[in-house]
Amino acid sequence: MNKRQKSAVETKRKLISAGLELIKEKGFCAINVEDITKKAGVAKGTFYVYFKRKEDIVMEISRTPFGEIADELEQMENAELFEKFRHYFRRFMEQVEFCGIQICREWIRNVIDPNNVPETMDSKKWFYDYEMLESILKNSKELKKDTPIELLTHIIISELYGMMISWCMSDGKFEPLDWTDRFCDVQLTAIFEPYLKERRINYADSKIE
C-alpha cells in the first residue's frame, strides 16, 4: 500500500469514526454530512469520495467489527456448535452495545425498511448476519443431515434481532449482553436438541437464575 492509499484509508476511517461518535451523541436524524466532515477535520466534498449519503456510514460501521467476528469463527473450525454460537452471540451483542442504541435503531430501521439502504445485498446488515448464522449451521458436523438449516437460521436470527429491538424499545434498560449466556444455555439448546446426532443435555432441566 503506497502513501496515497494509506492516506485514503485513514481519511475514510476518520469519517466513520466521526460519524459513529456523532450518532451516538446526537442521534442519526440530528446530524448531517457537514457535521461529520467537520468532526473528521476534512472538506465536505471529501465525504462523497467515499460515501454517497450519510446512511452509508451506518452500514460501514457494521462491516468492520462484524467482519472481525466472521474471522474469529473461521479460527474456531474445530469448536463445538454451541461454543461457536455462544461466541457469536456474545461478540455480536458486545458490538451492538459498543456502537450504541442510536446505531442499533438505524440497523433495525434498515431491516424493517430495506428500501432505505443501497440495493447491494452485502450492504444490508440483516442479510450479512443471516448468511453468517447459516454458514455456522451448514458447516457443523454435529447436526443430522435432514436438519432444516433455513428454518433454524430464521428462528435464531429472529431471537437475535428480538434482543436488539427489546433494547431499543426499552431505551437501553434491557441489557442484551446480560441475557446472551442465558439464551445460549436454554433457548439454543432447545432449538438444536432434536437435530443433534448425539444428545447434549436435557434442556428441560436447565434453569434461568
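Of the 209 residues in the protein chain, 44% are buried, where buried means under 20% relative accessible area, exposed means over 50%, and partly exposed is what falls in between (1.4 Å probe, protein chains only). Keep in mind that this is a predicted model, in which local features need pLDDT of at least 70, side-chain atom pairs count only at pLDDT 80 or more, and totals for chains, interfaces and linings use all residues. Residues are numbered from 1 along each chain as its sequence is written, and side-chain values use heavy atoms, with hydrogens and water left out.

The accessible surface of the chain is about 12000 Å², and carbon and sulfur atoms hold 50% of that; these areas come from the Shrake-Rupley method with a 1.4 Å probe, and for residues only the protein chains shown count as cover.

Now for the secondary structure. The chain has nine helices and zero strands, with helices (H or I, at least four residues) and strands (E, at least two) taken as DSSP runs and numbered from the N terminus. As for contacts, meaning heavy atoms within 4.5 Å, take those between residues at least 6 apart in sequence: 67% of them join residues at least 24 apart.

Arg63 lies in α4 and is partly exposed, at 36% relative accessible area. Setting aside neighbours within four places in sequence, Ala70 is in contact with Tyr128 and Met132, and the C-alpha atoms of Ala70 and Leu133, 63 residues apart in sequence, are 9.8 Å apart in space.

Over in helix α6 (residues 101-112) you'll find Glu106. Beyond neighbours within four places in sequence, Glu106 is in contact with Phe28 and Val58. Ile23 is 83 residues away along the chain from Glu106, with 9.8 Å between their C-alpha atoms.

Next, the loops. The one between α7 and α8 holds Ser140, and Thr147 is found in the loop between α7 and α8 too. Ser140 counts as buried at 17% relative accessibility, and a polar atom of the Ser140 side chain lies 3.1 Å from the backbone nitrogen of Glu142. Thr147 is buried, with a relative accessible area of 8%; apart from neighbours within four places in sequence, Thr147 is in contact with Leu152 and Tyr195. Further along, Asp171 is in the loop between α8 (149-169) and α9 (176-192). Its phi is near 55 degrees, a positive value in a residue other than glycine.

Finally, the largest pocket has a volume of about 400 Å³. Among the 16 residues lining it, Leu73, Glu77, Lys84, Ser135 and Asn139 are the closest to its centre. A pocket here is an open set of points on a 1 Å grid over the protein atoms alone, where a 1.4 Å probe fits, with protein on both sides within 12 Å along at least five of seven lines; lining residues have an atom within 4 Å of a point. The volume is the space filled by probe spheres set on the points, which are joined across faces, edges and corners. Helices α4 (55-74), α5 (81-99) and α7 (125-138) each supply at least two lining residues. By class, the lining has six nonpolar, four polar and six charged residues, with Ala, Val, Leu, Ile, Met, Phe, Trp, Tyr, Cys and Pro counted as nonpolar, Asp, Glu, Lys and Arg as charged, and the others, Gly among them, as polar.

Notes
A polar contact is a pair of N or O atoms within 3.5 Å; within protein, one must be able to donate a hydrogen and the other to accept it, and residues adjacent in sequence count only if both atoms are side-chain atoms.
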